[in-house]
Structure formats: C-alpha cells, structure tokens
Amino acid sequence: MWDYSEKVKDHFFHPRNVGEIENPDAVGEVGSLACGDALKLMLKLDTSGRIVDVKFKTFGCGSAIASASALTEIIKGKTLDEAGKITDNDIAKYLDGLPEQKMHCSVMGREALEAAIASYHGLKIEKPVDEGVIVCKCFGVTDNKIMHEVREHKLTTIEQVTNYCKAGGGCGSCHPKIQAIINEVWQKEKEKAMIEMVRSPVKKLTNIQKMKLIQETIERDIRPTLQSDGGDVELIDIDGDRVMVSFRGSCAECPSSKVTLKSTVEAKLREFVTDTVIVEEVAS
Amino acid sequence: MKVVYADNNATTKVAPEVVEAMLPYFTEYYGNPSSMHSFGGQVAKKIDVARQQVAELVGADPAEVVFSSCGTESDNAAIWGILRANPRKRHIVTTRVEHPAVYNLGKYLVQCGYHVTELGVDSNGMLNLDELSDAIREDTAIVSIMYANNETGVIFPIEEIGQIVKGKGSILHTDAVQAVGKIPLNLSKSTIDLLTLSGHKLHAPKGVGALFVRKGITFAPFIIGGHQEKNRRGGTENVPSIIGLGRACELARNYINEESTKMKQLRDRLEEEILKKAPDARLNGHKMQRLPNTTNLSFEFVEGEAILLLLNEKGICASSGSACTSGSLEPSHVLRAMGVPFTAVHGSVRLSLSRYNTIEDVHYIIEQLPPIIRRLREISPYGSREMKMKEQAARVVAGM
C-alpha cells in the first residue's frame, strides 16, 4: 500500500477541475497509454492573460490523478508567465509530498503545463519535440529528458532516475546507458566547476571555504574510490595546508597505503583544493 | 466498514479450526521436539501427525515432507538443493511467468554463472511443450515450472511436463503454492520430484511451508544446522505453525471437491457479470485450464492502482498487475510474457476467492466494480472510442 498524504487522497477521491474546455486557449498533452499514465491539460485565459479556467483528464494511478488535480488548483488565476515557473516540486509540496517512487507523477504535471504554455505561444500544438535519442524503450524516455531530471533533482542513482522519469523501470536493459548519462552529467558539472575555478585563480579561499572544500573533495572524489576496494579514509584535522587523515577498512592494513596517501588522497586534494596541500596519516 | 476479501492468492484467513489446533503449542506443549525428555518428545509425535496430514493432502509419503518457513524458502531449497547435489550440472530450465521466488532466483543464478533457459508462454499463458523438450540439455540439473500461476490462475499440464523431463533424464520441481488445497493432487502417481507448498495460501498461518522431496532424489540441505527434518532443514521447528499447517491440510482434504465447485461457481458468476457490465474489458489467461478461485481481468483506459484505491474505499480487497502497485515501475511480468498489451496490463485486476467468500460478496463486487471503472474512464483522456482509434492509428504509424 502506498503511503499517500491526506491531501493526495483528497485530490484523488475528489479531483478538482476534471473535464474539458470548449475552444481552449492552450492545450498540453503528455504521456500515453503504453506508458501507463497520460495527462491532458486545457487552459482558458482572460483578456489580461490570466488563467480563468483550467480542466484536465488523466489516465494513471492515484497520485497521477491527484497531481493533475493539484496542478489545476495551483495555476488558476495565474498568468502564463507565473504558471511557467511552477516546478514539479511545487506540485509535490502542495500535496504534502509524494512517495519517492511517485515523483514522476508531478513531473508529468509540469510537462503538461509546459506543453500547454508552448501551445499558447504557437510553438507546438502537439507534444513538445524532444530531439534526444530514446534510451528507455519501455517508457520512451530520451537521453535529454534523463539529463534534465538528473541535473534538476541532483540524481545520482538509476533508481532515482526511475522514480523521477520512469526510465529504467521496465525491462532494465537500459540501466548501463542511464548510469553512463548520470556519470556524464556529473563529470561535466565537475569540469564546469574546475573551469570556473581556473578562471578565478586570484580568488583566495577563506579558511572555512577551504575546510569545506577539503571535506567535500574527500566525500565526493576520494572515499568512493577507496570504498570500492573495501577501504576508507577519515578526515581527522586540518591545520593550514596540513590535512590529517586516518585510513580505515582494508586501507588500514594495506602495505601500500603510503602510496594511496600521496597518489590518491593528496593528489585529489591538490587538484580540487590547492596545490600546496600536504596530507599526513595520523593515528586516530 | 464491511470488508470483502477477494485477494486470497495473496494470503488467506487462518481457519478458526487451525487456530484452535495451534493454541496449546504456545503455552502448554512448548517443548523442543529434539529434546530427550518426554515433554519435548510428545511434541515430536505431534509434528509427525502434521507431516502425515500434509502428506495425505498431496498423496505423498510422510517421509517425503520437509517443513520450511515459507514457499520462497521451499523454492530456494529445491533449486539450490539439486544444484548443490549435482555440481557438474550448470543449467536450469524455468518459465517467464514464475513467482518471484523462482523467477528472481533464476536471474540471480545467471549472475552466479549458471545457464538459465526461460520458457515463454502464449497469449493464454500456456507453455509450448516442444520448446520445453528442446530446452532440456545433458547438463540440465533441474526444471522448475509452477503448477498454477498466482496472477492468472492458469494451470500447467504438470504431468505431461514431468514425462518430458523424465524422458530427458532431468529433475522436475514445481511451485504448487497456489494449487495445493484448491485442486486435488496425487504425488504417489506423479512425475513430480520436488513440490513447494505454503501454509498461508490454504488457511494456515504465514511463516510455514513445506517441500516435498521424492524418495531417492539426492538433495543437499539449504539451511545447514541441526539434524532436524532428517538433516534436510536445520533449525528448531516452528511447532505451532506446523501443527496448524497439518490441520489446514486435513480440512482442505476433507472439503476440496465441495469447496472448489462452490468457488468456481462464485468465480464464474463474478467474472461473467463484470465482463457483461464493464465494456472494453478482457479476461487474462486460459479460460478452462485455470484454478477455480482466480479471475484476472483487464479494463482498458484505466490504471490498476486507481481501481484498487477506489475498491479499497468500498472495503473490497483485490490486487493488480499494474506497474504502480508493484513497488517498482515494472508492470506484471506474467501478463507481459503473455503478450497482453501494456494498456491492458496497466488496468488489470485480480480477484481471488476462498471458502469464506459468499454469493453476497460476489454480488457486492459486481455492484461496486463497474461504476468505479466508469468513474475512472470519465477522468481518463482515453475514455472514449475516438481516443482509442487515435491511439491505435498512432501505433500503426510508429510501427509498433
């Protein structure tokens, strides 16, 4: 049994604004029967460009119906510009949250709204054209869409990607591709951050910033590498450029831990923090 | 609120007679059956009675019955037990419609380096026996094929399957969790080598099951520990539940023919009326080769979870093969293997009855379910015929 909030249940059992509008000013349609959920959103605007009426029809589970109903309540009375700023998180928040596995329902709401706004501006009447390549054949999800969700929601695992856009939730044969997209997005983000750092080399880090950056680098770039070999490292103290760490797990007994200290821990910290860092191993 | 329980393939109510039989074994006869003293020894004798009761229901010799903690354990014990006893044989044959206890074990065995052949099914959920014959190789350690499907109720011709497996010199295991207690079985005149059964599907409690291992089959224990179950399953016996399982099997044996006739009548009535009252609905699975208690129906243009939530509001317990109810996004692997279109899989509902269901229950479901489908279709953008045509046209264009 899904753990739905009272608000989700209320919007599912008593959906607001179900139906269709004759001669709508904007229509957004997303999803399909094969995907297991679909949403058709219709808007009517007044002369000042505000949404005076909105209706929807949904094919989908309890939270898909509730998300669509919530969306209609949120956007009523707003201008298209205001409505365009609504995110899937806003829809989830309005419903006092959705189960993690159901976040794609709120994503569908946002997408239908985007499609409706685009149709008003005469861009596309049909579904927005996504020029990406289909990665998940089961649910017809493209690489562009996966990249968007990964960036937008800071997703790091395949399971999270499935929760947000369904990709990978069917046969599972696209999992390696999804993983590659996740890796690529975060690799690019890292490079971007690096370039920015190089561009502003004069910017001197404060002590607090430096400590934070050391901690982040250890968490993000060093520990996962060591953990994959059954080892680990703990940050003990920082004193100026001296960074004191202690090895854990298999690294603690490893005869080549001195090499790891220099080649992995110090090298990474020099790469991402400052090239004057000196790493020392201390007893903990 | 009134509760109509129509999800008996998920689990069943423990029969009051079973509870009554179990109670003394918590506080009165709590001895360990392995103990030397007679306080424990008397319990061992009662376990033997239960073993006899289980054996009688399925026509086995009591010495061939090994108690376990559940159906999943029995399935794992059967498959691992044969693989470990035949380390040179690295191939198993199973089907695409097995319960996760076998289906996911098969996936895991592939990761462990075993070769696994999964047999497909046709649109009625039936196997092609020629395909089975071709799939069995010299190094096939075990063929594991379910007796009856938990989602559709489809019954496989297990004796014919057994003949083929015997002819090829391999071993047949069957997960009969859904069949035992619903249809008569006689293992004394059967080609089945190992058979899984589970307590909570036949009005015994959860947490107890059994594995039938035919005499002469070499089998390595799955749970290694004490000498319990003649060294075939370590661990102190779950005495009250084993007593309960014995009693439940005795009840099933006494009433199996009468009950399955009654269940079948109720099920057929339910199915016919719903198909009559709800347009664009279909039956999933072979209409005849089927358990007497199960019906699996698909309603186009609506989604299963939404149906279940609205049924739940009316006190009706059912289940669905829809992706949204599975905890993952993957819709029923059984219906997909049968080639049921995605659209119909999403809107599938399984209703499964037991001896405790009445004609009033059936009338209540017939009264409540069709309006729920209608209500959801009114919300659905695909509610009208016109949309259906549009969708089909799109599929033709997309070459699907």
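**View 1. A:Lys166 and its backbone.** A:Lys166 counts as buried because it has 26 C-beta neighbours inside 10 Å. (Burial goes by the other C-beta atoms, placed from the backbone, within 10 Å of a residue's own: 20 or more is buried, 12 or fewer is exposed, and anything in between is partly exposed.) You are looking at a predicted model, in which local features need pLDDT of at least 70, side-chain atom pairs count only at pLDDT 80 or more, and totals for chains, interfaces and linings use all residues. Residues are numbered from 1 along each chain as its sequence is written, while chains are lettered from A and ligands numbered from 1 in the order in which they are written. Back to A:Lys166: this residue lies in the loop between H7 and H8 of chain A. (Helices, H or I of at least four residues, and strands, E of at least two, are DSSP runs numbered from the N terminus.) Its phi is positive, about 75°, although A:Lys166 is not a glycine. Most residues other than glycine have a negative phi.

**View 2. The four annotated cysteines of chain A.** An unreviewed UniProt entry lists A:Cys136, A:Cys138, A:Cys171 and A:Cys174 under "binding site". These four span 39 residues in sequence, yet no two of their C-alpha atoms are more than 9.3 Å apart, so they gather at one spot. (UniProt positions follow the numbering used here, feature names are shortened, and annotations may be inferred rather than shown by experiment.) Look for A:Cys138 in the loop between strand S4 (134–136) and strand S5 (141–142) of chain A. A:Cys138 counts as buried, with 23 C-beta neighbours inside 10 Å. Leaving aside neighbours within four places in sequence, A:Cys138 is in contact with A:Gly169, A:Gly170 and A:Cys171. (Two residues are in contact if their C-beta atoms, placed from the backbone, lie within 7 Å.) A:Cys171 sits in the loop between helix H7 (158–165) and helix H8 (175–199) of chain A. A:Cys171 is partly exposed, with 13 other C-beta atoms within 10 Å.

**View 3. The domains of chain A.** Chain A is divided into domain 1 (6–120), domain 2 (134–198) and domain 3 (207–281). (The bounds come from an automatic or database domain assignment.) Taken over C-alpha atoms, the centres of domain 1 and domain 3 of chain A are separated by 48 Å. Residues 214–280 of chain A carry the UniProt annotation "domain: NIF system FeS cluster assembly NifU C-terminal", from an unreviewed entry. Over residues 214–280, chain A is 51% helix and 30% strand, and the end C-alpha atoms are 14 Å apart.

**View 4. Where chain A meets chain B.** The contact takes 21 residues from chain A and 21 residues from chain B. On the chain A side, the elements that give two or more residues are helix H1 (6–13), strand S2 (37–45), strand S3 (51–59) and helix H2 (62–75). By class, the side of chain A that touches chain B has 10 nonpolar, 7 polar and 4 charged residues. (Ala, Val, Leu, Ile, Met, Phe, Trp, Tyr, Cys and Pro count as nonpolar, Asp, Glu, Lys and Arg as charged, and the others, Gly among them, as polar.)

**View 5. The two domains of chain B.** Chain B is assigned domain 1 (4–9 + 256–398) and domain 2 (16–252). Their centres, taken over C-alpha atoms, lie 30 Å apart. The contact takes 22 residues from domain 1 and 23 residues from domain 2 of chain B. On the domain 1 side, helix H9 (239–277), strand S10 (294–299) and helix H11 (333–337) of chain B each supply at least two residues. H11(B) gives the largest share of that side, 4 residues. By class, this side of domain 1 of chain B has 7 nonpolar, 13 polar and 2 charged residues.

**View 6. Helices H3 and H9 of chain B.** Helix H3 (residues 38–58) and H9(B) pack at an angle of about 35°, with their axes 8 Å apart. (Axes are lines fitted to C-alpha atoms, for helices over the stretch in contact, and angles run from 0 to 180 degrees between N-to-C directions.) H3(B) passes H9(B) in a left-handed crossing. (Left-handed applies if the near helix is turned anticlockwise from the far one by less than a right angle, and right-handed if clockwise.) Residues of H3(B) in this contact include B:Val43, B:Ile47 and B:Leu57, and those of H9(B) include B:Val239, B:Ile243 and B:Arg253. By class, the contact of H3(B) with H9(B) has 12 nonpolar, 2 polar and 5 charged residues.

**View 7. B:Asp280 in its loop.** B:Asp280 is found in the loop between H9 and strand S9 (281–283) of chain B. B:Asp280 has a positive phi of about 55° although it is not a glycine. With 17 C-beta neighbours inside 10 Å, B:Asp280 counts as partly exposed.
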